[in-house]
Amino acid sequence: MMVGMPSLTRAEAVQRATVLTVDGYAIDLDLTGGGDTFRSRTVVRFAAEPGTATFADLEPAELISATLNGVPLDPAALSGERLALTGLAARNELVVEARMAYSNTGEGLHRFVDPADGCTYLYAHMFLDGPRRVFACFDQPDLKARFTLSVTAPEDWLVAGNAAHAGRDGGRWTFTETLPLSTYLVTLIAGPYHVRTAEHDGVPLALYARKALAPYLDAEADELVAITRQCLDRYAELFDVRYPFGPYQQAFVPEFNFGAMENPGLVIFRDEFIYRSAVTDSERETRATVIAHEMAHMWFGDLVTMAWWDDLWLNESFAEYMGTRVAAEATRFTDTWTTFAVGEKAWGMRADQRPSTHPVAPSDVADTQLALLNFDGISYAKGASVLKQLVAWVGDEAFLAGLNEHFAAHAYGNATLADLLAALSRASGRDLSTWAELWLRRAQVNTLRAEVRVDDAGRYASVVVEQSAPAGYPTLRPHRLGIGLYDQRPDGTVVRRGRVEADLSAAEPGSSAPSGGPGDGRGPATARTEITALAGEPAAGLLLLNDGDLTYAKIRLDARSAEAVPMFLPLLDDSLARAVIWAATLDAVVDGEQPVAGLVTLVLAALPVETDVVIIEDVLKMARTLVDRYATPETRPAALELVAQACDRLLAAAPAGGSRQLAAARGLIGATVDTPRLRGWLDGDDVPAGLAVDADLRWLILYRLVVLGAAGRAEIDAEFARDHSATGEQFAARCRAALPSAEAKQRAWDMIISDTATSSRLIEATAGGFWQPEQGALTAAYVSRYFAEMPGMMEIRTGMGAERVAVAAYPRYAVHPETREYAAGLLATPDLNSILRRTVIDEDDDMRRALQARG
Ligand SMILES: [Zn+2]
C-alpha cells in the first residue's frame, strides 16, 4: 500500500462487488525498456449493471491511454490511484496502457540487481494492494477473474507466471489462461533465473533461483522436490479436491519481505531458503514447514478465498496449522509441533498480551491498511494454536469432513468465517458458536495454574487447575488439556508415567462467572477445575500442564513441579514436553516473575545436554533478548558470560559437523567477548573439528568483532570483496551500521531516515545493526531522534518495507524512562501514521516490561 493514500474501504468493496462481475484480464507487460519503469497494457472484460459507475485501481508512473468500450477516457478520470468509469454497459471492455514503476521495497514489481554478476531479476508481489502498481484492476479478493498473461522480456531471460507456458518466441512469452483468481494472487518472475524441473503425479514441478545461486539450488533440489511431493501426496489424502492450479512452481527470489507467498501455480519464497552456507536441521525444518504452509493455501486462500480482509487471519491460521501438521505427518521433519510449542506460540502470546491485542477474528477491518496491521503473531500462531485446540475438541474426522464440505461449496469463490463454522458444526454435530465467540472473537490469553496437595503417603490429595483471565479481559474459555506425570527412573532418565486429558469449562460452579468485555470494571475472572482422575494417584516428580501442547494458554507449574525443573529438564526424554516447560519458563521471565539470573543458570545447566536443535536455538535467542534488555549494564556482562559458557559446553559436547555444533557456535559467537578466539576462527586457528567457517559464519564473526570494536571498515570492505553476493551486501550493511564510531552511526542513520535509492532490505539490515547494547553512550542522541524523525521516514517508504524499518530502528536497548516519555509524546501526535503508531505501542510495551524487570 502507499502510506497516506486512500486504501479501499470495505464499504466501497461491497458496493463495487454488487455492480460488477469480472470475466477476465489480458495483461501484457513489456520489460525491455531501460529506466525505472515498464510498460503495462491491460484489457479487462466485465459485466455491470447498465448505467452505473465504478472505478478501477491504477497507480501508474504515466497513464498513456485508457478506453472504455472503445471510447477514450479523459486523463482526468485518474485521481488518487482510481480510474473513474461512468456510463457502464451490460458488457464492458476497459483497455489501459501505462508506464508503471519498478519497486525496491518488495511490493508491486520488485527489481533487484545482483551484486554478484550484475544480472537483473524481477518478481511480482501483489499482496496486499500491489496489483494496481502492475496492471489496471478491480483489486479486492471477492472479484475473482481468469488472467491471461503475456510478457516481452530480454531474450536471455526466463519468465514464469501462475499458469503454464503457452508459447515462447524469442523474448515474447505467452501463458495459458488461469482458473479464477483473486487479484492479490497474480504473480510473475522474470530474469535470467536458473530452473530445475520435475514432475509428480501429473503435476509439473519447477524450482527457480538467481543464476548466482544455481549451484546451491542444484544441491537443494532433491530435498525441495521430495518435500513438495510428500506434501502434495498428503494433501491429496486429506482433501477431496486434488491440487487444482496446474503446475506447482516454487521461485526463490531476492529481498522478499515475507517467508513466502502462496500465489497459485507459482509460490514465491525468500531466497535465503536456498542455502549457500551450512544450516541447522531446524532451518531445514522451517523451510519444509513453509513449503507445506504455502501448499495449504492452494485450497485455503486460493481455491476458497476470504470475501474481505477481516478473514485474513483465517488464511494464515489455517495454513500455519496445516503446514505444521502436514510437515510432521509427511516429511522427515516429524517434530514440527515441538518447534511450534517453543517458538511460534510465544510469538502469538506476546502479541496477544500487548496493548494492541485484538481478537483472532476481528470483526471491524475497515480497510486494507488495518488488515496489514492485524497480520501478526495473533493471525498466525494464536490462530493455528486455536485450530489445534478445535481439532482436539471436535475430533479430526469431523474437522476434515467440515473442511471438505467447505471446499466443495465455495471452490473458485469466496467464503467467510461463518461459512466455515457452519460446515464444521454440521460435520461435528456440535454448535460452535459459543466456542468461536470465546476463542476467536475475544482477545488475550488465559493463564492455567496447577495447585497440588500431596498427602503423607506421597499421593495426590487434590490437583486443581485454576484458569484466570487478565485484568480488562475477563473471558474464560473451554480448554481440552493434557496433564502429564513425569518421574525420574532409577537409571536417571525422566519419563512420562501417565497422562490424563481434562476439559476445563469456561465457568465452574462457585467461580466468578465470566461476563462482559474489556472495561466492564470487574476484576480478573477465575475458575477452578479439580482433576478428579488424579486424586489418590502417587504424586509425580513433575506434573506438566498442557502436556502435548493441545491448548493455547500461559502455563504455570505448581510449586513442587517448578522446583523439579532444573533437575528434570536436562533428563527429560520427550522434546515436546521440554518445549512446553521451556516456553513456560521463558514466559515467566518475560513477565518478570522470575529473574534473568535464574534463567541463565538454567540455560547453563540444561542447554549443553539439549538434543533438539530447535529448542537450543529458540532458548538461546530468547535468553539473549532477555539478557540484552532485562539485565542492567552492571549485571549484563556476567549473564552474557553464562550464556557464552553454555554455548561453549554445548560446542564441546555436540557431534562434529552437526546442527547442534553449528547452533552452539553461532550462540557463542554472538555472546563471547573473547575477540582473539573469534579472530583465530577467521584465520582458521583452533576451529572446532567439523565446524565449517563458511561465508555466513565468517560474517557472524566479523559482525561480533565490529560490535566489540575489534574490527573496522577496512575489514568489512575486504569481507564484502571476498563475498560479493546479495547476502554479503546485507551483512556488510549491518556491519557498517554497527561500527562503534560517531561517523558510522551518522551515516547509517541518514540512510535509515532518507535514502530511498537503496532497497528496503538493505535499509532494514542497516537499521538492524544500528543499536547495540554495548554502544549505549554512542547512540544516546539518536533515541529522541527516532521519535522525531520516524514520521518522516514513514512518508518516504511504503507498507511492509516501512514497517520493517520502523521496527528494526527502534531504540530497544535504551531501557530508560525517558525513552517511554518520548514514545508517549509521539503517540500523542494527532494523525500519526497508523503503522508507526502500532510499532511504537508494541515496542513501548516491551520497554515497560524491561524497565519493570530491572526494577
Ligand atoms: Zn500464509
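These legends accompany several close-up views of the structure shown above.

Before you start, note that this is a predicted model, in which local features need pLDDT of at least 70 and side-chain atom pairs count only at pLDDT 80 or more, while totals for chains, interfaces and linings use all residues. Residues are numbered from 1 along each chain as its sequence is written, and side-chain values use heavy atoms, with hydrogens and water left out.

**View 1**
Helices (H or I, at least four residues) and strands (E, at least two) are DSSP runs, numbered from the N terminus. Both His297 and Glu316 are buried; buried means under 20% relative accessible area, exposed means over 50%, and partly exposed is in between (1.4 Å probe, protein chains only).

**View 1. Thr289 in helix H3.**
Look along helix H3 for Thr289. Is Thr289 buried or exposed? At 15% relative accessibility, Thr289 counts as buried. Not counting residues up to four places away in sequence, Thr289 touches Gly323, Thr324, Ala327 and Thr336. Contact means heavy atoms within 4.5 Å.

**View 2. Helices H23 and H24 side by side.**
Two packed helices are described by the angle between their axes and the distance between the axes. Helix H23 (residues 776-796) packs with helix H24 (residues 799-808) at an angle of about 170°, and their axes are 10 Å apart. Axes are lines fitted to C-alpha atoms, for helices over the stretch in contact, and angles run from 0 to 180 degrees between N-to-C directions. H23 and H24 are therefore roughly antiparallel to each other. Angles under 35 degrees count as roughly parallel, over 145 as roughly antiparallel, 65 to 115 as roughly perpendicular and the rest as oblique. From H23, Tyr786, Met790, Met793 and Met794 meet Ala802, Val805 and Ala806 of H24. By class, this contact of H23 with H24 has seven nonpolar, no polar and no charged residues. Ala, Val, Leu, Ile, Met, Phe, Trp, Tyr, Cys and Pro count as nonpolar, Asp, Glu, Lys and Arg as charged, and the others, Gly among them, as polar.

**View 3. Helix H14 and its partner H13.**
Helix H13 (residues 596-606) and H14 pack at an angle of about 150°, with axes 10 Å apart. That makes H13 roughly antiparallel to H14. Val596, Leu599, Val600 and Val603 of H13 make the contact with Val619, Ala623, Leu626, Val627 and Tyr630 of H14. Sorted by class, the residues of the contact of H13 with H14 are nine nonpolar, no polar and no charged.

**View 4. Helix H14 and its partner H26.**
Now follow helix H14 (residues 613-630) to helix H26 (residues 834-854), where the two pack at an angle of about 70° with their axes 9 Å apart. H14 is therefore roughly perpendicular to H26. Asp628, Arg629 and Tyr630 in H14 meet Asp846, Met847, Arg849, Ala850, Ala853 and Arg854 in H26. This contact of H14 with H26 has four nonpolar, no polar and five charged residues.

Most residues other than glycine have a negative phi, and most peptide bonds are trans. Asn69, which is not a glycine, has a positive phi of about 55°. Asn69 lies in the loop between strand E4 (62-68) and strand E5 (71-72), and is partly exposed with a relative accessible area of 35%. Asp831 also has a positive phi, near 60°. You can find Asp831 in the loop between helix H25 (817-827) and H26, where Asp831 is exposed, with a relative accessible area of 78%. Finally, a cis peptide bond joins Phe127 and Leu128, with omega about -5°. Leu128 is in the loop between strand E10 (120-125) and strand E11 (146-152).
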